[in-house]
Amino acid sequence: MSTLKFFFAGKYYSFYRISLGIISIAVLFLFFISCDINNDNDKKPPPIGDPPVYPLIDGFPSWSPDGLRIIYNHNGITSVDVNGAYLINPDSSGLWMINIDGSNPHLILKGGDINAEWSSDGNWIVMEKNGNIYKIPFLNDSLDETKIVQLTFEGNNFYPSWSSDGMWIAYDSNVDSPNGMNFIWKMKSDGTQKTRIAYSPTKGEIRMPSWSKNLDMIVHTRYSYEFLSTELFAMNENGNNLIRITYNGSTDYYPKVANDGSKIVFESNANVLLIEIDGSSQKQLTFNGGLQPTWAPDGQKIAYIGFTADNKYNTLNDGTIWIMNVDGSNKHILTFGPSQ
């Protein structure tokens, strides 16, 4: 993933692996010494003298088009102690699927750190893993790994998003970017016709595309030295008709457009917010932490990474998949972490 989340001193933070220009050296140092979940079965001690740093259990939920299942990245963490040290089982790390009633959670693709999204017809899953983008058929409630297709081969490529007709995939990449920044590209679903559609190397990165399912619109994030924050914007599929959506001066991430095109759910300062597509009626939906939100197909519910209300890390409930109504009511846990 291009972005990881972690819990530190009662707050939740973001880290861009390749956006070093906008993250302090102190945060980078803290992250690397305390929050690497990719080494198999290692015990990870927290930094001496600092409050504990805790990992997320799950991440990047994506709802199936029929609304019955959610796929998500599971980090394979088997235990977390009070000091923030934890163990992982690499055999359980990867892309998981669960029914929305909480039944039948199971691994469908081994190999952690996967950000995936279903195509609108439910026949394919596009995913980012280790900085490249792949697609894989979804058949009979499982992935056909024999037919996986690698779509990108150069640079660092993240946040793939399908067009409604399944013909195109938007994503962000640092290919042909002299300063290493990521900008938004699109490609045909077979990996051909790669075209950069947004580029502003003198201002800042343009990332995290979310393709509207019924509008000629790609919602995304832009960082600019002009407003010193990450705000939401929209553009058409060719990068034209740019519209700014948020003006909150906050760190806005992970925009997802509802299927009817009327609303956007997004993460801002580590909580989930909702806003109309025209930038009106912004509403905060979580207050104890909420990350990486995504829509149910009918637009009535939102899945996200949730946390409990006591502002203390709870290994069973925190950093796991939660579901809530679109108005923020009826928050409940879908997946659970280790009970230690």
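## Exercise 1: The largest pocket

By class, the lining of the largest pocket holds 19 nonpolar, 10 polar and three charged residues. Ala, Val, Leu, Ile, Met, Phe, Trp, Tyr, Cys and Pro count as nonpolar, Asp, Glu, Lys and Arg as charged, and the others, Gly among them, as polar. This is a predicted model, where local features need pLDDT of at least 70 and side-chain atom pairs 80 or more, while totals for chains, interfaces and linings use all residues. Residues are numbered from 1 along each chain as its sequence is written, and side-chain values use heavy atoms, without hydrogens and water.

Task: find which residues lie nearest the centre of the largest pocket.

Solution. 
- Step 1: A pocket is an open set of points on a 1 Å grid over the protein atoms alone where a 1.4 Å probe fits, with protein on both sides within 12 Å along at least five of seven lines; lining residues have an atom within 4 Å of a point.
- Step 2: The lining has 32 residues, and Ser62, Glu117, Lys213, Lys256 and Thr294 lie nearest the centre.
- Step 3: Elements giving two or more residues to this lining include β4 (58-63) and β27 (290-295); strands are DSSP runs (E, at least two residues), numbered from the N terminus.

## Exercise 2: A sheet with β27

Task: trace the sheet that contains β27.

Solution. 
- Step 1: The order is β27-β28-β29-β30, an open antiparallel sheet; two strands pair if DSSP finds at least two bridges between them.
- Step 2: β27 and β30 (332-333) each have a single partner strand, so one side of each lacks a neighbour in the sheet.
- Step 3: Four bridges join β27 to β28 (residues 301-306), where Leu291 has Ile305 as its bridge partner.
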